Amino acid sequence: MTFQDIFKSSFLENVTSVSLLDMTLALVLAFGIGLFIFLVYKKTFSGVMYSSSFGVTLVALTMITTMVILAVTSNVVLSLGMVGALSIVRFRTAIKEPLDIAFLFWSIAVGIVLAAGMIPLAVIGSVVIGLILLVFVNKKSFDNPYILVLQCQGQDSEDRAKAYLNQLLRRCVVKSKTVQKGRIELNLEIRLIDGGTGFINTLAEMDGVDSAVLVSYNGDYMG
């Protein structure tokens, strides 16, 4: 072993494996497209509580994926080690909205495509996906469902309330019913005809009706 072999470092040899121009261009594009994904997520969010940290995560995830794929494509041995390292990673954060999964996969896919050098696919594909999400997610239904929580004192008051609702609503379906002594609680999925909610005031004043609560409903339920 010579003196030169002792100080020979494979780490220093990998410094030039990815050019500075390629790295800068890929990360800048990843930041730009990640920011576009974040803006689309912000415009299409329809959940209960908006999380700004999740939007920032989309930008960071796009850039991180780009950086990882750049390293993998420059070294075959590193790619094998990266597969083994990522296989032991476990994510415990629950995804509250189903649409959030699409944004996560979108960010990862953009990072992979950019690092592979397919810039037109990443840019044009992101624009098309963003436009589709903006059109379909923000499209409001004219027949919005509601949940009516109705508390009655007995069977007679329940029948009168249902008869009154059937005259004014397009649809009225019982989703759940809880019966206690002298008290009945109904959860009804209803569809309004003209969007007016004044019938709730009349319903709450009926004999035998203790309370009537109308809640906006996105259609997701179990059962």
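1. A residue is called buried here when its relative accessible area is under 20%, exposed when that area is over 50%, and partly exposed in between, with a 1.4 Å probe and protein chains only. By that rule seven of the eight residues of strand β1 (residues 145–152) are buried, so β1 is largely enclosed by the rest of the structure. Of the 223 residues of the protein, 27% count as buried.

2. The structure is a predicted model, in which local features need pLDDT of at least 70 and side-chain atom pairs count only at pLDDT 80 or more, while totals for chains, interfaces and linings use all residues. Residues are numbered from 1 along each chain as its sequence is written, and side-chain values use heavy atoms, with hydrogens and water left out.

3. The protein has nine helices and four strands, where helices (H or I, at least four residues) and strands (E, at least two residues) are DSSP runs numbered from the N terminus. Read from the N terminus on, the elements follow the order α-α-α-α-α-α-α-β-α-β-β-α-β. Contact means heavy atoms within 4.5 Å, and among contacts between residues at least 6 apart in sequence, 70% join residues at least 24 apart.

4. The four strands form an open sheet in the order β2-β3-β1-β4, with antiparallel pairing; two strands are said to pair if DSSP finds at least two bridges between them. The edge strands are β2 (171–180) and β4, each of which pairs on one side only. From one strand to the next the twist averages 15°, an angle that, like the others in this note, runs from 0 to 180 degrees between N-to-C directions, with axes taken as lines fitted to C-alpha atoms, for helices over the stretch in contact.

5. Strand β1 can be followed to its partners on both sides. With strand β3 (residues 183–191) it pairs in the antiparallel sense over eight bridges, and within this pairing P145 has R191 as its bridge partner, while V149 stands opposite N187. With strand β4 (residues 209–216), β1 is joined by seven bridges, again running antiparallel, and here C152 is the bridge partner of V209.

6. Strand β3 also pairs with β2, in the antiparallel sense and over nine bridges. R191 of β3 is the bridge partner of R171, and N187 of β3 is the bridge partner of S176. The hairpin of β2 and β3 has two residues between the strands, and in this hairpin G182 takes a positive phi near 70°.

7. A nonpolar core is a set of buried Ala, Val, Leu, Ile, Met, Phe, Trp, Tyr and Cys residues joined through side-chain atoms within 4.5 Å. The largest such core has 18 residues, among which L148, L150, L165, I190, F199 and L203 touch the most other members. The elements that give two or more residues to this core are β1, α8 (155–168), β3, α9 (199–204) and β4, and β3 gives the most, with four residues. Leaving aside neighbours within four places in sequence, L165 is in contact with L148, C172, L188, F199 and L203. A second, separate core of 14 residues includes A30, F54, L114 and L133.

8. Which residues of helix α3 (residues 20–44) meet helix α6? They are A26, L29, A30, I33, F36, I37, V40, Y41 and T44, which meet D100, F103, W106, S107, V110 and L114 in α6. The axes of α3 and α6 (residues 98–115) come within 10 Å and cross at roughly 165°. The two helices are therefore roughly antiparallel to each other, given that angles under 35 degrees count as roughly parallel, over 145 as roughly antiparallel, 65 to 115 as roughly perpendicular and the rest as oblique.

9. Helix α6 packs against helix α7 (residues 119–137) as well, at an angle of about 165° and with the axes 9 Å apart, and these helices are therefore also roughly antiparallel to each other. The residues making this contact include F103, W106 and L114 of α6 and A122, I129 and L133 of α7.

10. I112 is partly exposed, with a relative accessible area of 38%. Not counting residues up to four places away in sequence, I112 touches T65 and I69. I112 and A122 are 10 residues apart in sequence and 9.0 Å apart in space, C-alpha to C-alpha.
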